[in-house]
Amino acid sequence: MTNLFDLSNKTAFITGASRGLGFEMAKALGNAGAQVILNSRSSISLEKSCDTLRALNINAIPMAFDVTDEAAMDDAFTQISKLDILVNNVGSRDRRPIEGFDLDDVRLLLNSNLVAPFDLARRASQLMGQGGRIINVTSIAGDVARAGDAIYTASKAGLTGLTKALAAELGPKGINVNAIAPGFFATQANIDMVDDPAILSFLETRTSIGRWGHPEEIAGACVFLASNAASYVTGQTLTVDGGLTSHF
């Protein structure tokens with residue numbers, strides 16, 4: 001029981017990991033003992049992030065490529081010989097009314113938020129053999145919606161469904177598949193919204209905890225789902241939103 005959260009000798013691949021929630025999850029997995037492979041499109045930002053983790057004695061490896069580029073994905077996975085944990089964190093958002101989308105825009109968002117995680121999970125499962133963890137980062141937008149965000153909401157709802165489907169299919173191989181659904185986190189991507197008085201007022205009244213989430217507060221959920229502590233948990237979505245979706 002004392003080693004429930006020990007990830008020593010595990011290798012984790014985390015997409016969208018150069019900053020924000022992806023970086024915090026990579027750091028947490030590394031602190032639990034895992035070797036972490038960080039992915040994003042920018043090699044420069046990845047190197048800086050890996051340097052930060054190495055300073056904490058975490059074995060961090062950068063792997064820069066676009067997860068929507070199939071050829072780049074092929075090349076990347078020839079370089080990975082062992083994988084125990086996949087965190088599908090990368091995602092795109094495009095807030096606008098449905099009249100503002102053409103179908104190419106829709107396909108682009110779905111490719112990033114749903115098709116790429118499917119492809120990564122399929123590839124990762126081949127490397128995991130008989131045992132592994134896949135963690136999809138969805139969103140509270142997968143369960144609740146607001147105007148002007150239809151395609152993102154649809155893609156995250158699809159990723160929640162994919163989580164259940166993969167859990168059913170990969171369970172016999174010893175691979176657990178779960179999801180984390182973050183709420184409002186004060187990441188760099190949300191920097192323009194963090195000090196908005198209207199949003200602060202909204203969070204004070206609509207969340208149980210009454211504030212933005214700090215990026216590092218995603219870490220525990222990720223380590224739990226990646227560890228032996230979650231050995232009998234699969235097909236589930238762990239919502240980390242300060243109580244927003246259960247509070248009114």
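Predicted model: local features only at pLDDT ≥ 70, side-chain atom pairs only at ≥ 80, totals over all residues.
The buried residues of helix H2 pack against H1, S2 and S3.

**Helix H2**

H2 comprises 12 residues, and the distance from its first C-alpha to its last is 16 Å, close to the 16 Å expected at 1.5 Å a residue. Leu-46, Ser-49, Cys-50 and Leu-53 are its buried positions. Because these residues cover an arc of only 100 degrees around the axis, they lie on the same side of H2. An α-helix has 3.6 residues a turn, so residues three or four places apart point the same way. Ile-44 and Lys-48, on the other side of H2, are exposed.

**Strands S2 and S3**

S2 pairs with strand S3 (residues 60-64) in the parallel sense, over five bridges. Within this pairing, Ile-37 stands opposite Ile-61 in S3. The chain passes from S2 through H2 to S3, a β-α-β crossover that is right-handed.

**Nonpolar cores**

The largest nonpolar core has 34 residues, and those with the most contacts inside it are Leu-29, Val-36, Leu-38, Val-87 and Ile-180.

A second, separate core of 24 residues includes Ala-76, Ala-116, Ile-134 and Leu-159. In soluble globular proteins, nonpolar side chains tend to be buried together.

Residues up to four places away in sequence being left aside, Leu-29 touches Leu-7, Ala-12, Ile-14, Ala-34, Val-36, Val-87, Cys-222, Val-223 and Ala-226. Two of these partners, Val-36 and Val-87, are also among the residues with the most contacts inside the largest core.

**Leu-7 and the segment before S1**

Leu-7 is placed in the segment before S1. Its relative accessibility is 1%, and buried means under 20%, so Leu-7 counts as buried. With residues up to four places away in sequence again not counted, Leu-7 touches Leu-29, Ala-32, Gly-33, Ala-34, Ile-85, Ala-226 and Ser-227. Leu-7 and Asn-31 are separated by 24 residues in sequence, and their C-alpha atoms are 8.6 Å apart in space.

Definitions and conventions
Residues numbered from 1 in each chain as written. Heavy atoms only, no water. Core = buried A, V, L, I, M, F, W, Y, C linked by side-chain atoms within 4.5 Å. Buried < 20%, exposed > 50% of the residue type's maximum accessible area, 1.4 Å probe, protein only. Contact = heavy atoms within 4.5 Å. Pairing = 2+ DSSP bridges. Helix = DSSP H or I, 4+ residues; strand = E, 2+ residues; numbered from the N terminus. Right-handed = clockwise from strand over helix to strand, strands pointing away. Expected span 1.5 Å × (residues − 1). Arc of directions from axis to C-beta.
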